[in-house]
Amino acid sequence: MTPEFIRLLILEKVRSLSFGRDIVSALLVFVFVGFLFFYLVGLAVFLGLILKNFFEVQDVPSFLNKAAVFYLFAEFLIRFLIQKKPLFDLNSFLHLPIKRSGIIHYLLARSLFSPFSLLVIILFVPVTISDINPVYGPLYASLWVATLFFFSIAMHNLVLWLKEVIDERFIGTVSIFVISVMPFLLLYFNVINIGEITAPFFSLSLSGPEPMIVSILVCLVCYLLIHRRYLGNAYLDRVTKRGFAFMSGSGRDLFSRFGVAGTYADMELKLILRHKKSRGFLIMSLLFLLYGLFMYGMSGSDESLMEASGIHLFVGIFIVSIFFINYGQFFLSWNSNSFDFFMVQQHGLEALFRGKLLLLIVITIFLYLLSLPYVYFGWQIVIFHTVALLYSIGVGIHFVTRLSMWEPKPMDINRGAMFNYEGIGFAQFLMAIPFFVLPYVIYAPVSFLFDPYTGLAAVGFFGFTGIVFRDKIILYNVKQLQARRHKISSTFRQGT
Amino acid sequence: MIRVENLKKIYGHDEALNISDLSIESSECFGLVGNNGAGKTTLFRLILDLIKASSGRVTINGQDVSKSEEWKRYVRSYLDEHMLLSFLSPTEYFETLRKIFELSEQDLESHLEKFNPLFNEEILGKKKYIRDLSKGNVKKVGIAAAFMGSPSVILLDEPFENLDPTSQNRLKKIITDEREKNGTTFLISSHDLVHVTDICNRIVLLEKGHVIRDLKEGKEVMAGALADYFDR
């Protein structure tokens, strides 16, 4: 049975939708992932040198022994945020005459095929070779890495188990977050250094196999834990169970005063709140509000705020329009499941388009209002953010919606937002230009010739012009959408 | 009412549909039958302007469907789940449509009352999204939505599929009532020959995108002709 399972695994990868995606976007994602990998390997190779030269670490092995536990906590948090549950594929196997337990062994083994499993190897093998091997010899160096590796695999299973137990409950998620950040906070505020406490354990692996045996045992226990849990839960109704959250707020229709477009905006708001991916974007936008704390908090005085006004305009655009860059980039793909609904309504596409615009603008203004307390760091920030708002809803939004009509891809919006490249095409990369390049085409020369205030005013005025002429621009974009309706709808129909 | 002229749909080198001339009269119940891949859904999608014709055109009351949107005011349809908003509950979905069609709350209420026997208390007032309903119940929601706002034309693709026998009979009664009361034109595709011959006064048989039979002769004759064709 095992070889057959392995064959299925390969077939699934090769035949998956993302594998056959159009080459440009696949290539761009590949380049992006390649860069990440490149940086990671670069960091790993020079880790020893970096530690010695930049952080002035004298004894690298003993530093690593202290750092190991922090690394594990960090990896745990990242895994918790990103790692997917493998159980969702269960329904394609349950009806076959294979033992339930065997299916779960297979699903768990398959879930190990992820970049995470290699993270320890990539990050720590080079530094082990360059700094531990010369002192302790190859045997103990490999024991040290193996200990870390098995802990990493143990965490893989532990995270799956925790996700199962917590079941997306808010309190559970927050406590996991707090627990995994705690060691770093304790260290930062000089309360206690957990690394000092656990260092003897890791240094023991440089003289004997006991720590590795412990880590293997932990790994096995975690594996059995999740295997038992899944075995008890391996029924279709458990797997496909979906929450009915956010239903309570459905009675109020926030946008009904805006007529038909308002009805569609209300619909879109429900769509955002009831799907994992869009909800993720909404939460991400709220988190990015804090971005200003780092940027504005660093510059001390009013003068330095204005000196770096170019950067701060960027920060403003980022904070105000992050939701709409994130959400707007898939403008039509969000509705790929129900595009035919809009096709058969009279003026349905136009209403959909206007409704989405309305919602995006309202959320953008909402984020702008939430960002206003930054005035605490200097009154100029209000100027940055107001200019950013004018530009975003006057000009940026029309570029995004126009680009989003360029070969949009269908998307399964029930999947999470993190590391989910579904729906990404070349257009999504082009969308960065109207937000992060075009404002500077205006701002840079004007502020160079006159002063930063005039530069900001020019960008704001540009945005204001867009707001004045919005009806004409929207009509033009709606015509473009109608001209492409057959092509877009047939792509959406194929995808889902 | 609906006229199909020299309509062709070609995918790559494969001809999916080729109909030179076909007219559907007002208040006709037009049944469409044929084996898988005969082009039934393709024809419906072309009538609804969901896909672009390779050549030819479809007109409804003289208007080319791909050039105006006026016909969408009185033509409703349910082909598949893409025509629903699956993240809404059925009640929310009907409410949304009520606003889009600009109906009063009484209109909606009396409309849904008509469908109560079909819904069998499993659709309305339940805390479930459409995406979480069973296939049969999803279909009931789509069909009920297609009857909203007294349309003069209704297109249904495989309306009896996935419905239990009781629901199938209740749906047949709803369709017949609607025709008698309002003179609604129906276009229904189905694999269920018994149901189609029961409710339709005209049946067109498609094979590989071509109209090969156009039957208008009355129930027994149509049933006989269809049995001959499908028993090959």
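Predicted model: local features only at pLDDT ≥ 70, side-chain atom pairs only at ≥ 80, totals over all residues.
1. The pairing of β4(B) and β5(B) belongs to an open sheet of 4 strands in chain B, whose order is β2-β1-β4-β5 and whose pairing is antiparallel. Its edge strands are β2 (14–24) and β5 (63–64) of chain B, each of which pairs on one side only.

2. Strand β1 of chain B, made of residues 2–11, runs antiparallel to β2(B) and is joined to it by 9 bridges; here B:Ile2 stands opposite B:Ile24 in β2(B). The hairpin of β1(B) and β2(B) has 2 residues between the strands, and B:Gly12 takes a positive phi near 60° in it.

3. Strand β1(B) is also joined to β4(B), again in the antiparallel sense, by 5 bridges. In this pairing B:Val4 is found opposite B:Val58 of β4(B).

4. A separate point concerns B:Ser189, which lies in strand β8 of chain B, a strand that spans residues 185–189. Is B:Ser189 buried or exposed? The relative accessible area of B:Ser189 is 0%, and because buried means under 20%, B:Ser189 counts as buried.

5. The side chain of B:Ser189 makes a polar contact with the side chain of B:Asp157, at 2.4 Å.

6. Turning to the two chains, 35 residues of chain A are in contact with 33 residues of chain B. The area buried between chain A and chain B is about 3100 Å², and carbon and sulfur atoms give 55% of that area.

7. How many salt bridges does the rule find across the interface of chain A and chain B? There are 2 salt bridges across this interface, and B:Glu92 forms a salt bridge with A:Arg274, where the closest N and O atoms are 2.7 Å apart. Between chain A and chain B, 16 residue pairs are in polar contact, counted with both residues at pLDDT 80 or more.

8. On the side of chain A that touches chain B, α11 (259–274), α16 (339–344) and α24 (485–495) of chain A each supply at least two residues. The residues of that side divide into 12 nonpolar, 16 polar and 7 charged.

Notes. Residues numbered from 1 in each chain as written. Chains lettered and ligands numbered in written order. Heavy atoms only, no water. Pairing = 2+ DSSP bridges. Buried < 20%, exposed > 50% of the residue type's maximum accessible area, 1.4 Å probe, protein only. Polar contact = N/O pair within 3.5 Å; in protein donor to acceptor, adjacent residues only side chain to side chain. Contact = heavy atoms within 4.5 Å. Buried area = accessible area lost by both parts, 1.4 Å probe. Salt bridge = Lys/Arg side-chain N within 4 Å of Asp/Glu carboxyl O. Nonpolar A, V, L, I, M, F, W, Y, C, P; charged D, E, K, R; others polar.
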